[in-house]
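Here is a short briefing to read beside the model.

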Amino acid sequence: MTVNEALFNYCLRLGDNSLILSHRLSEWTGKAPILEEDLAITNIALDKLGQARFLLQYAAQLEGKGKTEDDLAYKRSEREFYNSLLVEQPNGDFSFTMARQLLNDVFDFFLYEELTKSTNEPLASLAAKSLKEIKYHLRHCSEWIIRLGDGTEESHSRIQNSLNELWAYTGELFEMNEIDSVLIKENSVPDVSKLKPKWNNMLCEIFEKATLKKPEDGFMHTGSRKGIHSEYLGFILAEMQYLPRAYPSATW
Amino acid sequence: MVKKTITKDELFNIIAQIPDPEIPVLSIGELGVLRNIEMHQDKVVVVITPTYSGCPAMKFFEQEILSVAKEAGVNYVEIKTIYSPVWTTDWISDTAKMKLKEYGIAPPQGTSDKSFLFGQPKKINCPKCHSENTELKSQFGSTSCKALYFCKQCTEPFEYFKCI
């Protein structure tokens, strides 16, 4: 695998993650529990979409086949997507959405912090930009985790159950393959296995304030690094890609 | 009709006047979105940077830049979006901050918060009655760049241009 191919695939991984999470969050538009939350979730979705756009634009440029970010978003099939299984999980109740966001954002926070030091200039500048946004997202969802965990019996049990259920999707975040080995050698991307202790510590700190228990490590789902997904991604793509596939020459 | 050739500074000053669609009291020059203009033999490259990654106003800026440049007699314009150096609220000048306040939006205070996770939210003065007795309602307002506050003194909600 050449460095260019590895970089292309790595940008798809990051870009797909942002795109699919953005899509999931946008499903809350108009039906979040309160108006302020509706604004917050859609703002976060918008930031994720902006990050996805940059990453897929850069990926298209690396691929060199004259494609645009839209081609990559709308014309790839399920097996060609590399987002984590975590971000494609359905929204569930509000606690489930916040738990999914927390597990993803704490990981993204440390990943993007490392990426700001990348020898690859476009990745480093995107990371610097995104990190500022991720901090706001992380603060927002951690406040909700604390409020729900340290809230009523009902809210406490809901958020604890959501975390327990989603925990099985966190192992995959730290998986690496040939793409990572090629790029780590170039100092373009970090070794994510080294981020795990920091990820754990920050989560434990939040769980403690929220009076929540850290879920136990057990069976972990895997597959997305090879493009193998849960049953949910196909439905997301069917909705997201419907218009450009049904009307290929449609313009906005 | 032969137009007098426009200089780089003249064109920059014209484009810099384009107002932000959400905060019309500020222009893209004052916000720091307009970074540079490169004059080439066959074209002009206008360099811009987004405030937030997903800022929906970027498309509007691109269209405005093209139309403003055309009015000034410049037809071959290319727009380049850059992400580095990263846009920061520190680029908003004091004059622009005053304009924001007069418009009813509390301007950004200080620089981005380092204790972002568990730190207390900043005390923001109400832009209308100047009271410090305000409360953060949501980190996210009507646009990505603003947070929602409530003034307990004059019981008015207001927006705060948050630090980034």
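A polar contact is a pair of N or O atoms within 3.5 Å; within protein, one atom must be able to donate a hydrogen and the other to accept it. By that rule, seven residue pairs, both members at pLDDT 80 or more, are in polar contact between chain A and chain B. The model is predicted.

**Interface of chain A and chain B**

- On the chain A side, 29 residues are in contact with 30 residues of chain B.
- The size of an interface is often given as the accessible area lost when the parts come together.
- Here the buried area between chain A and chain B is about 2700 Å². Carbon and sulfur atoms give 64% of that area.
- Which residues of chain A lose the most area to chain B? They are A:Lys129, A:Tyr136 and A:Arg139, together 30% of what that side buries.

**What the chain A side is made of**

- Three helices of chain A each supply at least two residues of the side that touches chain B: α2 (35-63), α6 (121-149) and α9 (196-209).
- Of the chain A elements, α6(A) gives the most to that side, with 14 residues.
- Sorted by class, the side of chain A that touches chain B has twelve nonpolar, seven polar and ten charged residues.

**Cysteines**

- Over all chains, a search of the whole structure finds zero disulfides.
- B:Cys126 is in no disulfide. Its nearest cysteine sulfur belongs to B:Cys151 and is 3.8 Å away.
- Is B:Cys126 buried or exposed? B:Cys126 counts as buried because its relative accessibility is 0%.
- B:Cys145 is in no disulfide either. The nearest cysteine sulfur to B:Cys145 is that of B:Cys55, 6.9 Å away.
- B:Cys145 has 10% relative accessibility, so B:Cys145 counts as buried. The cut-off for buried is under 20%.

**The A:Ser230 site**

- Where is A:Ser230 found? A:Ser230 lies in the loop between α9 and α10 (232-246) of chain A.
- A:Ser230 counts as buried because its relative accessibility is 13%.
- Leaving out residues up to four places away in sequence, A:Ser230 touches A:Glu78, A:Leu85, A:Glu88 and A:Gln89.
- With A:Gln89 there is also a polar contact, side chain to side chain, at 3.4 Å.

Notes: Residues numbered from 1 in each chain as written. Chains lettered and ligands numbered in written order. Predicted model: local features only at pLDDT ≥ 70, side-chain atom pairs only at ≥ 80, totals over all residues. Heavy atoms only, no water. Contact = heavy atoms within 4.5 Å. Buried area = accessible area lost by both parts, 1.4 Å probe. Helix = DSSP H or I, 4+ residues; strand = E, 2+ residues; numbered from the N terminus. Nonpolar A, V, L, I, M, F, W, Y, C, P; charged D, E, K, R; others polar. Disulfide = S-S within 2.5 Å. Buried < 20%, exposed > 50% of the residue type's maximum accessible area, 1.4 Å probe, protein only.
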